[in-house]
Amino acid sequence: MLDKASLKKIRRIMGKEAMLNTPADVALYGYDATPALDGVAPEAVVFPQRAEQVQSLVQLANQENFAVVPRGAGTGLTGGARPIHGGVVLSTQAMNQILRLDTDNFQVVVQPGVVTGDLQTRVAREGLFYPTDPQSLAVCTIGGNLAENAGGPRAVKYGVTRQQVLALQVVLPQGQLVRMGARTLKTVSGYDLVSLLVGSEGTLGVITEATLRLLPAPACRSTLLMVFDRVDQAAAAVAKTFRAGVWPSAIEFMDRHCIRCIEEHEPAGLPIDAAAVLIVEVDGSRPEVTSAAERVQQVMSEMGARSVQVAQSEAEAEQLWRARRSLSPAVAKIAPLKINEDIVVPLSTLPGVIDAIHALAARQKIKCVCFGHVGDGNLHVNFLADPSSQEEVARAEHAARELFALTVSVGGSITGEHGVGTTKLAYLGMEHAPEALAAMAAIKLALDPRGIMNPGKVLPDELLAKERGSGPAH
Amino acid sequence: MPRGRRYRFFLSACLQCGSCTAACPNQVDTALVIQAGRARLAAARESSWIGRFITKKILPSERRLRRLLGLARASRALWAKKIPTQSGLHLRLRRGLDGQGRRIPEIANTFFLHQKQPSPEPGAQRRVSLFVGCVANYLKPQVAQAAATVLTQAHCAVDIPLGQGCCGLPAYGLGENEAAIELAVRNLDALMPLGQAPPDVITSPCASCAYMLKKRMPGLLSAWPELHQRAQQLAERVQPFSRLFTQLRADSAVSKKNSSENTPLLTFHDPCHLAKGLGERNAPRQLLGQLAGARYVEMDQADRCCGQGGSFCLSHQDLSEKIVSNKLSLAQKSGAEVLVTECSGCLLQLSSALWSEDSALEVISTAEAALRYQSAKKGSM
Ligand SMILES: Cc1cc2nc3c(=O)[nH]c(=O)nc-3n(C[C@H](O)[C@H](O)[C@H](O)COP(=O)(O)OP(=O)(O)OC[C@H]3O[C@@H](n4cnc5c(N)ncnc54)[C@H](O)[C@@H]3O)c2cc1C
Ligand code: SF4
């Protein structure tokens with residue numbers, strides 16, 4: 001518990017306006033976008049503007065033993081930003097400046113609170129391109145993207161957030177302000193701390209600045225809609241596209257239930273009798289795009305697509321992408337509770353995996369909606385349940401466990417982009433050997449011996465307690 | 001959670017516009033959460049006494065409301081003195097009496113529900129019950145009249161049940177659940193009378209009334225299984241006016257005659273309760289686009305809230321005025337001469353702001369537009 005004296009010290013670090021602690025003000029910081037998790041209000045919320053304030057706060061947290069939970073926009077889907085052990089939520093909302101746009105070196109230096117979509121718009125004005133495009137980009141932050149190693153439809157060609165980062169400035173859990181990485185396109189000097197921090201979900205430090213790589217903006221894009229009468233054909237068409245020598249900038253998959261959902265709530269003219277659709281985007285110079293689009297059409301027809309349609313204008317393409325983005329809200333409308341998993345599997349296993357998912361959902365008598373960035377094997381599987389029926393929720397959870405077993409058995413991973421947070425803690429052991437988990441715990445304990453940095457996330461508390469007991473004394 | 005100053009501030013600062021829900025991937029019904037908070041305050045008697053007085057004592061009782069309005073008609077000055085500017089009656093009679101040269105909406109000489117209605121045409125196909133709502137009943141009977149007329153012309157047997165009252169949204173929005181429940185039961189009895197065949201469709205020229213009946217009434221009555229079931233049956237029948245009207249026109253396959261260049265230019269303001277609450281964005285545009293006596297132009301940010309927000313325009317008057325004035329300048333920029341909307345709250349908010357800005361723009365409801373501009377001849381009324 002934070003006492004009056006600690007609160008006073010925190011206020012002194014942050015300034016009067018930059019700390020909230022009345023119950024009404026802090027209540028909403030007990031949630032993120034994860035469905036069906038209860039609020040756990042923090043004791044205070046702070047809005048630092050400078051890295052030095054973050055550093056002072058983290059140092060104080062070590063002295064007075066309270067938790068620090070970094071928070072971007074709260075769009076995380078695994079409960080990462082919820083302060084489950086109380087303490088202080090550190091919002092990056094006031095650290096939202098683009099510090100330097102270096103068009104000669106194709107780099108941009110940003111504070112962590114910059115909204116991803118704003119960054120894209122800004123660099124586009126210089127003819128540049130920041131490719132990572134989580135579907136929450138209108139609100140989510142670069143800090144959150146880094147901490148979750150977020151992906152998006154375009155990850156299939158441009159990689160996830162990790163591929164865009166050159167250097168970071170970080171406040172480590174014991175309060176050291178450090179720089180890692182280099183402002184060059186490559187470096188092999190020492191351990192790759194940037195990779196360690198990216199995807200660490202705020203458990204290994206607070207990212208206070210990032211240097212990101214930019215690309216020249218592709219001159220032209222084309223978006224295609226493919227309609228299939230069989231799911232396995234759609235799934236198999238993904239790998240086939242690559243084999244035909246095309247590297248699309250996005251391949252999105254939606255099953256029959258998704259199409260119905262969209263058409264019921266925000267009609268976009270998708271065929272409701274189809275078993276699945278693929279939305280494929282290709283980008284590059286005009287001749288490249290024209291020939292790639294032709295090859296995609298050819299492959300898709302060979303793979304049994306019932307129809308292949310090329311968006312004739314920006315507006316038509318935008319309508320397809322809007323339909324894709326409206327999917328989450330549309331699914332939420334039909335189901336009061338969605339258990340949302342984002343498994344990722346090797347491309348060649350996709351057809352079998354999608355089949356098996358539908359089968360296991362049918363076995364558990366649970367409604368299941370499947371979509372995702374299948375170009376990189378990422379599938380969003382949503383099990384829908386009525387939260388008032390405990391029995392149904394239990395069946396949905398059982399289905400999720402079977403899904404993870406299936407995923408791991410084909411060499412996949414239980415989360416492609418949403419992270420572990422708290423909601424996937426229980427399944428971590430299905431994917432990683434005890435020795436691997438012990439190595440992760442050793443890293444966490446070395447950097448954060450007091451366990452103040454976003455405690456309770458990524459690694460189970462019991463594991464850390466056990467490793468702390470067996471490891472060397474500090 | 002303690003009901004401190006910040007708590008009350010957050011609750012009062014919500015417009016109940018539903019924009020957040022429309023944008024939310026998890027579809028969190030914020031308006032409902034806020035309403036529950038307000039109900040908590042109301043139960044603990046911490047909302048404003050005058051708002052409570054009006055929503056609990058005046059709106060539910062037709063006799064009292066009529067007396068008050070009759071009094072006002074008799075003497076504006078007295079009315080103006082009797083009800084202070086901050087009073088809760090401005091919930092609906094917004095800013096009319098603030099002594100700053102702005103006018104109150106004209107109070108109707110004969111309330112709509114007291115006017116004699118034409119009997120349905122023989123051979124009418126659909127039985128439609130019209131829910132009038134307070135504004136159309138007491139202040140702007142021409143709105144309800146227009147709805148009744150065009151629906152009758154479209155071969156509906158229009159019934160206007162006399163037992164109906166306020167839809168209950170003002171009370172509900174303030175968290176006055178008891179008063180809202182009382183009104184809900186009364187409207188249920190009027191619109192779905194026991195032992196009689198229910199109407200095919202229930203509609204209202206006001207989207208906020210339609211929203212209340214369709215989206216909130218069943219939940220409000222959930223503690224009484226029988227009432228709840230009837231409310232659900234009622235809710236299924238509710239259609240916003242523009243949806244019903246465009247459907248009727250589609251059925252009778254009326255095709256749009258090309259409007260000539262010199263017909264008036266209309267634009268549409270989406271009421272939050274229509275676009276976000278009921279998810280209806282197409283129908284009003286289709287309706288206006290098909291009118292032979294007018295042309296339609298889309299304004300920028302048509303679905304941005306007008307700032308009325310029930311009690312919001314009282315508790316946060318400055319903010320509310322800023323929002324509406326931004327709205328109006330966008331409407332003017334579109335080049336339209338007539339701003340059409342489909343909610344009585346918006347209608348009052350926009351027209352009182354227009355009046356004070358001395359603008360040439362006119363504000364009317366979709367029902368009025370449907371009547372006025374249905375044929376090319378009548379276009380220049
Ligand atoms: C509709 C919707 C669509 C989505 N689509 C995608 C998608 O396509 N791809 C995808 O990958 N994800 C997606 N997500 C998930 C989510 O948007 C991403 O995980 C995003 O990166 C979270 O960013 P945020 O700013 O909201 O972070 P938050 O939710 O606030 O935080 C997420 C985690 O990051 C930590 N954190 C935040 N800032 C910092 C910092 N400066 N330093 C250290 N740690 C920090 C927090 O402690 C927390 O553990 C989606 C979410 C929604 C609601
Ligand atoms: S004002 Fe509108 S957007 Fe804001 S909380 Fe209320 S309903 Fe949601």
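**Stop 1: where the chains meet**

Select chain A and chain B together: 13 residues from chain A and nine residues from chain B make up the contact, where contact means heavy atoms within 4.5 Å. Before you go on, know that this is a predicted model, in which local features need pLDDT of at least 70 and side-chain atom pairs count only at pLDDT 80 or more, while totals for chains, interfaces and linings use all residues. Residues are numbered from 1 along each chain as its sequence is written, chains are lettered from A and ligands numbered from 1 in the order in which they are written, and side-chain values use heavy atoms, with hydrogens and water left out.

Between them, the two chains bury about 810 Å², 64% of it on carbon and sulfur atoms. Buried area is the accessible area (1.4 Å probe) that two parts lose on being put together, summed over both.

Now pick A:D25 and B:R6. They form a salt bridge, with the closest N and O atoms 2.7 Å apart. (A salt bridge is a side-chain nitrogen of Lys or Arg within 4 Å of a carboxyl oxygen of Asp or Glu.) The count between chain A and chain B is one salt bridge.

Next, colour helix 2 (23-26) and helix 12 (327-334) of chain A: each supplies at least two residues of the side of chain A that touches chain B. Helices here are DSSP runs (H or I, at least four residues), numbered from the N terminus. Which helix gives the most to that side? Helix 12 of chain A does, with four residues.

**Stop 2: a hidden space**

Select B:L15, B:L169, B:H273, B:G309 and B:G310. Of the 31 residues lining the largest cavity, these lie nearest its centre. A cavity is a set of points, on a 1 Å grid over the protein atoms alone, where a 1.4 Å probe fits but cannot get out, and lining residues have an atom within 4 Å of a point. The largest cavity has a volume of about 370 Å³, a volume being the space filled by probe spheres set on the points. Altogether, the structure holds six cavities of 30 Å³ or more.

**Stop 3: a link within chain A**

Finally, select A:E64 and A:K9, whose side chains meet in a salt bridge (2.7 Å, N to O). A:E64 lies in helix 3 (residues 51-64) of chain A and A:K9 in helix 1 (residues 4-14) of chain A, so the pair ties together parts that are 55 residues apart in sequence. Over all chains, the structure holds 28 salt bridges.

Notes. 1 Å grid on protein atoms, 1.4 Å probe; cavity = no way out; pocket = protein on both sides within 12 Å on 5 of 7 lines; lining within 4 Å.
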